[in-house]
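Q: Could you take a close look at one part of this model for me, and then walk outward to the rest of the chain? I'd like it as one connected story.
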Amino acid sequence: THFGFRDVPVEQKQQLVGQVFSSVASKYDLMNDLMSFGVHRIWKRYFTSTSGVCEGDSVLDLAGGTGDIAALMLPRVGPRGNVVVGDINGAMLGVGRDRLLDRGLHGNLQFAQLNAEALPFPDKSFDCVTIAFGLRNVTDKQKALGEMHRVLKIGGRVLVLEFSEVRAEFLKPLYDFHSFKILPRLGKLFANDADSYQYLAESIRKHPNQAVLKGMLEQAGFARVDVRNLSAGIVAIHRGYRV
Ligand code: SAM
């Protein structure tokens, strides 16, 4: 294997694999902080505060591998509610679960390895479905939005937090410089991976902008869709209701 511990006994192997993933996860956090100057924490906090989630609600957080959104949602739903973290990647789910456990968050919390394009839940299961910095990675976004609509109860809400199109002209050259010059260098320096961060910048440019994503939510059946730009549109929150 490329980890170079093929002949290690199985107990030690599990430990080594764990170390590999926790180093990836801690790098992931460091990179998020470096890339956004720590602002991603504020975006996530605002995102959950604008969710309207209240005590007793049932919440599904898609692409929730890091556990960041779940950690903010659990105090909102309280002991009578529940949060399901869904992610396609088993290793990410494991990292998120360990972190939430370390912070003493466990009851009324479930984990599901799933693809957002085909949710393993019955119709009308949740009061709120969230996806933060995840929709961009989903291949068939329209299909995933349709699935989110299907699993929501009537009156339930979807919230999407994602990079979007910068709205302030003066910011555009700075943002492009940050994305294409600084970001790949930070990636090289701290994660030894310039290409992934170059890809990240490109994937953000390809992602549907505010108006297009709003249209996709409406296409999926959502009503009263609204959009809120944060940090001049560097990221946006889309909200919609199942009626
Ligand atoms: N929501 C977290 C946050 O804001 O820190 C994690 C975002 S991370 C950039 C993107 C996550 O999307 C990864 O954990 C990845 O495994 C997951 N993902 C990608 N494609 C997916 C899909 N089709 N269904 C579910 N999760 C997916």
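A: Quick ground rules before we get to the helix. Residues are numbered from 1 along each chain as its sequence is written. This is a predicted model, so local features need pLDDT of at least 70 and side-chain atom pairs count only at pLDDT 80 or more, while totals for chains, interfaces and linings use all residues.

Okay, helix 8. It runs over residues 210-219; helices here are DSSP runs of H or I with at least four residues, strands are runs of E with at least two, and both are numbered from the N terminus. Its buried residues are Leu213, Met216 and Leu217. Buried means that 20 or more other C-beta atoms lie within 10 Å of the residue's own, exposed means 12 or fewer, and partly exposed is in between, with C-beta atoms placed from the backbone. Look down the axis of helix 8 and the buried residues fall within an arc of 100 degrees, so they line one face. That arc is taken over the directions from the helix axis to the C-beta atoms. Turned away from the buried side is a face with the exposed residues Ala211, Val212, Gly215 and Gln219.

And the packing partners? The buried residues of helix 8 sit against helix 5 (141-151), strand 6 (223-230) and strand 7 (235-241). A contact here is a pair of C-beta atoms, placed from the backbone, that lie within 7 Å. After helix 8 comes Gly221, with a positive phi near 110 degrees.

Now step along to the loop between strand 6 and strand 7, where you'll find Ala232. Ala232 has a positive phi too, about 60 degrees, although it is not a glycine. It counts as partly exposed because 16 other C-beta atoms lie within 10 Å.

Leaving out residues up to four places away in sequence, Trp43 touches Leu161, Leu230 and Val235. Trp43 has 18 C-beta neighbours inside 10 Å, so it is partly exposed.

Leu161 is a handy link to the largest nonpolar core, which has 51 residues; Leu161 is among those that touch the most other members, along with Val59, Ala70, Met73, Val83 and Val129. Helix 3 (residues 68-77) gives the most to this core, with 7 residues. A nonpolar core is a set of buried Ala, Val, Leu, Ile, Met, Phe, Trp, Tyr and Cys residues joined through C-beta atoms within 7 Å. Take Val59: beyond its neighbours within four places in sequence, its contacts are Val53, Met73, Val77, Val83, Phe126, Asp127, Cys128 and Thr130.

From there, move to the loop between strand 1 (58-62) and helix 3, which holds Ala63. Ala63 is buried, because it has 24 C-beta neighbours inside 10 Å. Its phi is positive, near 50 degrees, and it isn't a glycine. Ala63 is also one of the closest residues to the ligand, together with Gly65, Asn89, Ala116 and Asn137, out of 19 residues that surround it. A residue is counted there if its C-beta atom, placed from the backbone, lies within 6 Å of the molecule. By class, that shell has 9 nonpolar, 7 polar and 3 charged residues. For the classes, Ala, Val, Leu, Ile, Met, Phe, Trp, Tyr, Cys and Pro are nonpolar, Asp, Glu, Lys and Arg are charged, and the others, Gly among them, are polar.

Zooming out, the chain has 8 helices and 7 strands, and 35% of its 243 residues count as buried. Among contacts between residues at least 6 apart in sequence, 66% join residues at least 24 apart.

How far to trust the picture? Mean pLDDT, the predictor's per-residue confidence from 0 to 100, is 89 for the chain, with 89% of residues at 70 or more. Residues 1-6 have pLDDT below 50, and this stretch has 5 contacts in the model beyond near neighbours in sequence. Where pLDDT is low, the predicted coordinates should not be read in detail. The model scores ipTM 0.98 and pTM 0.89.

Terms used: Contact = placed C-beta atoms within 7 Å.
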